[in-house]
Amino acid sequence: MEGIKSHARRDRLLEIEKRVQKKWEDGKVFEVEAPATAAAAAAAEEGEKFFGNFPYPYMNGLLHLGHAFSLSKLEFAAAYHRLRGKQVLFPFAFHCTGMPIKACADKLAREVAQFGNPPVFPSADEEEEEENGNKNKNKTTVGLPPVAAESSAAPERAEPEKFKSKKSKTTAKAGTAKYQWEIMQALELEDKEIQKFQDPYYWLEYFPPLAKEHLKAFGAGVDWRRSFITTDMNPFYDSFVRWHLQTLKNQGKIIKAMRNTIYSPFDGQPCADHDRASGEGVQPQEYTLIKMEVIAPFTGKLRALSGKRVFLAAATLRPETMYGQTNAWVLPDGQYGAFEINEMEVFVVTKRAALNLAYQHMSRVPEKPTCLLELTGHDLIGLPLHSPLTKHSVIYALPMLTILTDKGTGIVTSVPSDSPDDYMALKDLKSKPALRQKFRVQDEWVLPFEVIPIINIPEFGDVAAEKVCIDLKIQSQNDKEKLAEAKRLTYLKGFTEGTMLVGAHAGSKVSDAKPLIRKLLEETNQAVSYSEPEKKVMSRSGDECVVALTDQWYLLYGEKEWKALAEECLTSMELFNDEARHGFEHTLGWLNQWACSRSFGLGTRVPWDPQFLIESLSDSTIYMAFYTVAHVLQGGDLYGRTNSQIRPEEMTHEVWEYIFQQGPMPKTTISPDLLYQMRKEFEYWYPFDLRVSGKDLIQNHLTFCIYNHTAMFPKQKWPRAFRCNGHLMLNSEKMSKSTGNFLTVLSSIQRFSADATRFALADAGDGMDDANFVFETANSAILRLTKELTWMEEVLAAESSLRTGAATSFADRVFDNEMNVAIKVTEDNYNSMLFREALKTGFYDLQTARDEYRLACGSAGMHKDLIWRFMDVQTRLLTPICPHYAEHVWSEIFKQEGFAVKAGWPLAEAPDFILQRANKYLQDVIVTVRKTLQKQAASKKVKQGAKGSTGVPVPSKPPSIALIFVAEKYGGWQEECMKILQNHYRSTRTFSPDAEIMADLKSSSVGQQADFKQIQKQCMPFIKFKKDETLSVGEHALDLTLPFGEIEVLRENIDFITRQLLLETVSVHSFTDADALARAGSYQTQLRQSPPTPGNPVAAFLSASEFPEGLSGLKL
């Protein structure tokens, strides 16, 4: 069907977009400068300027729709402020620093070296054979991944393992490519072009200009003169970053130290968030490694280690619980090794743990674990151990079936008093002889060992694990869900509220004793400090990261005074969302020293230690300031290579300080006019007003941005606002290359057009939850926009047929008012960055208002002035979201000069919400009365006098007359109930308890009546109905009268009502009009049984035969 589907409407939008983009470029509509006069610059302080920016995307591939979604938030905001008449600066740059590009380039080079140029990759069978061979060949090796098994991190940070299958170019396009060459083929690159990407700097030449063109096609209102790339390829930005880091070093905010950090063994350097294919935000987790020494003489396989001190090394977060050890646990089928730590000591751990230890200076050969002996858990069961702090001189290694070898060391200490898992596993072994026999566990290794009380926990006593397992009725160590709940109930409470019962710190709080006991264990060489990643981290080079103890440069995030400034800055910022604020507060709470140097990759050299590069999250924290002067320095060249006014070497630290820090006039060959121009640009545009980003950057980049701004600039230049959003789904599914559910910016434009893409992005969602780009919405936008263009052209072609004169009818007033409402509410939505709501109120609701107006006008026709106003208002309100469409309407349909994007916000009088409510009342009445009419017409099928008949005569002919009865205020018991409900409606938008309401009703005048019991039967459902209505629509549901005359509104629209009901005659009457009520004839009984109330008229329908004299005798 796709092949025969017409794309004429989409193609029309694409043609419009191409023409409009040229108009913008020719008119330099998005290029802005700081005002020349001091008075104009001062206006910026009054909110007449808007500077928004977006985290520059990484240039290892094409921009995708996820980029566009976050970017659209800034694009819509900038376009809105530009429309309002502000000076708007929206710059855009491209990030190239770090390992990802270098890693991809290196992978290409290795593939060419291994498989030729162009590469001829092995078949699926050959790959399987080779992988099996590698498994056997590397069976005892711990270290770097084999070259043939390397999998690449695809552009846009996909995980390497997502690209592991036999590939052709076709499958590569579906996102399942394994080799980097295939990933490049998926970008529609020819082999002769791909080979150039072996040079990492070629990526910088290729992708940034492409991204720029795609964003232009998207309609981004960017001042492209200010664009730049990072790294030393741009000498001006390189100089700026060196000045920034040197300034922080001079302030004492950067130090060199030995610290644990996430590290890529393959890359040979720390692996920061943006260097990772997966595991962003993961930090080192520190454990205490308990040394449980194997008691000689050694037996079995361990005889080969005779003469060494051998330890089962168990990682624990709770060293203070070691007093309660009864045994150690091993996984029977687990793979372990005996690894040489130094000349005498050997640790039995998993290979993964040994690799972490080796990078923390705990291996005889640094960074290379030496495995003396391969072991399984079965080899370890029954080993006699001497373990620190336990009262037992000997404990034994026993089997546990639930140990995970991807966390810790695979060796676990057993403290059954406080660990529910340990308690149940020990209980299983004690109570199940068959289980002991299965794993050849001797009784003396288990049965003599009882639970040792070591900690008292409020509510759980001295043996918390036993109590919680009994409470939760846990049956065995395999009851994983209940055991997880047991741990949740006791673990944190034990640490925060528990009291030590044993040892030197008996009587102390557990939280106080823990660091002291840990220190004792480490000082007496009974334990060592050990760290590993909190979760699995994969580098972009395809290897699993470890924690390494590295000597490098660190930014002192978390330092007390600096942190206080960051918290002060955060307090003053607009974040649009409480969830975002909590995220920043949490990050400021845990963020500590950050490794800011790397050995390899692309970037800027550390100015005082050029053997290192500045890592990618540390060269990108204040670059928003560089935007303000980039066009002066670079002359519009992305790479800073062609400007002749200023040479990069002239940008000394003193020059940067003059521009950005109010420093003194530097001694320089740069002209004073240029220096003043750059300072003026910075002073005018800074601080930036908004930075838009995905929420995943809260935990690093955005918080770093706050820290660095407080260090580099005075308070008046600190950031004003961050707007964070969730990720983007496509058609309610995760966007993923591997599944094919993926769109680049360019492919979306080609498929839907730029404006339809923008429309669907605006509709996708505004909160921090994941948003949803729906293809049907984009396709619907194509239809809506093109139909609207056609409608405007047709209306203006027949303009002479439109009504003129005074626009005073009810329909005219309502339509005019709906436009006033739309202008005001849409303005509020844009200011709050609620673009989905802005689309609703500025487009969808206006479309509905126009359609209702056309219907209400009937044969009289729509008013010319109001239709012109509608077209103008709708076009302006939609301009930030669909600017190409708006520009076309502005110039080609309205024949206006200038640009729609700068046309100004539409003028509006104060919205009349009472009039709006009156119109809703009118529409609701028509719907309700129509339903009543349809119901009565259907009742003709019920034969008169038949069983089940209501006794109401059935008209012999279809009804042609309607009598609508109105009660404009509540009276009697209803009025009393309403007053009581008003008194019991709280500011919290809730009601008092029903008992209180009923007590007031009984004490009221109604309650004193003799027939109160009968009245009460009517009061109760009425009160419930009004309560529910109030909670649904608001407090105005408790008004005794409506704020407008119901009869007046209905009579003014009597012709409209008559047309809508398809009747000959309709009249409106007060329910208190006895004459009119008498004309209802036999329907009077029914009307009295269900009388009208304010806002809810009732109607009676009659045929002409039932009303032979017509309505001439009635007072209308």
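In the predicted model, the protein comprises 38 helices and 30 strands, and its C-alpha atoms fill a box of roughly 120 × 85 × 65 Å along the principal axes. Of the 1116 residues, 55% count as buried. When contacts between residues at least 6 apart in sequence are considered, 76% of them join residues at least 24 apart.

The annotation "domain: Aminoacyl-tRNA synthetase class Ia" (unreviewed entry) is assigned by UniProt to residues 20-107 and 203-772. Over residues 203-772 the model shows 34% helix and 20% strand, with the end C-alpha atoms 31 Å apart. For the annotation "domain: Leucine--tRNA ligase RagD-binding" (unreviewed entry), the residues listed by UniProt are 966-1042; this span is 57% helix and 1% strand, and its end C-alpha atoms lie 12 Å apart.

The packing of two helices was examined next. Two packed helices are described by the angle between their axes and the distance between the axes. For helix H3 (residues 65-83) and helix H25 (residues 754-764), the axes come within 10 Å and cross at roughly 85 degrees. Because an angle of 65 to 115 degrees counts as roughly perpendicular, H3 and H25 are therefore described as roughly perpendicular to each other. On the side of H3, the contact is made by Leu65, Ala68, Phe69, Ser72, Glu75 and Phe76, and on the side of H25 by Thr757, Arg758, Leu761, Ala762 and Ala764. Seven of the residues in this contact of H3 with H25 are nonpolar, while two are polar and two are charged.

Helix H25 also contains Asp763. With a relative accessibility of 17%, Asp763 counts as buried, since the cut-off for a buried residue is under 20%. Apart from neighbours within four places in sequence, Asp763 is in contact with Thr777, Arg836, Leu839 and Tyr844.

A further element is an open sheet of three strands, which has the order S29-S28-S30 and mixed pairing. Strand S29 (1065-1070) and strand S30 (1098-1102) stand at the edges and have a single partner strand each, so one side of each is left without a neighbour in the sheet. On average, and with direction ignored, neighbouring strands of this sheet are turned by 20 degrees against each other. Strand S28 (residues 961-966) is joined to S30 by five bridges, and these two strands run antiparallel; the bridge partner of Leu963 in S30 is Ala1100.

Although S30 stands at an edge of the sheet, five of its five residues are buried, so that S30 is largely enclosed by the rest of the structure. Both faces of S30 are covered, with Val1098, Ala1100 and Leu1102 buried on one side and Ala1099 and Phe1101 buried on the other.

Helix H31 (residues 913-938) lies across S28 and S30 and runs at about 45 degrees to S30, whereas helix H36 (residues 1054-1061) lies across S28 and S29 and runs at about 125 degrees to S29. Within H36, the buried residues are Phe1056, Ile1057, Thr1058 and Leu1061. The elements that cover these buried residues of H36 include helix H28 (835-857), H31, S28, helix H35 (1046-1052) and S29. Just after H36, Leu1062 takes a positive phi of about 60 degrees.

Finally, a loop residue was considered. Pro607 is located in the loop between strand S21 (597-598) and strand S22 (613-614), and at 29% relative accessibility Pro607 counts as partly exposed. Although Pro607 and Val241 are separated by 366 residues in sequence, their C-alpha atoms are 9.2 Å apart in space. Not counting residues up to four places away in sequence, Pro607 touches Arg242, Gln246 and Ile614.

Methods: Residues are numbered from 1 along each chain as its sequence is written. This is a predicted model: local features need pLDDT of at least 70, side-chain atom pairs count only at pLDDT 80 or more; totals for chains, interfaces and linings use all residues. Side-chain values use heavy atoms; hydrogens and water are left out. UniProt positions are given in the numbering used here, feature names are shortened, and annotations may be inferred rather than shown by experiment. Helices (H or I, at least four residues) and strands (E, at least two) are DSSP runs, numbered from the N terminus. Axes are lines fitted to C-alpha atoms, for helices over the stretch in contact, and angles run from 0 to 180 degrees between N-to-C directions. Angles under 35 degrees count as roughly parallel, over 145 as roughly antiparallel, 65 to 115 as roughly perpendicular and the rest as oblique. Contact means heavy atoms within 4.5 Å. Ala, Val, Leu, Ile, Met, Phe, Trp, Tyr, Cys and Pro count as nonpolar, Asp, Glu, Lys and Arg as charged, and the others, Gly among them, as polar. Two strands pair if DSSP finds at least two bridges between them. Buried means under 20% relative accessible area, exposed over 50%, partly exposed in between (1.4 Å probe, protein chains only).
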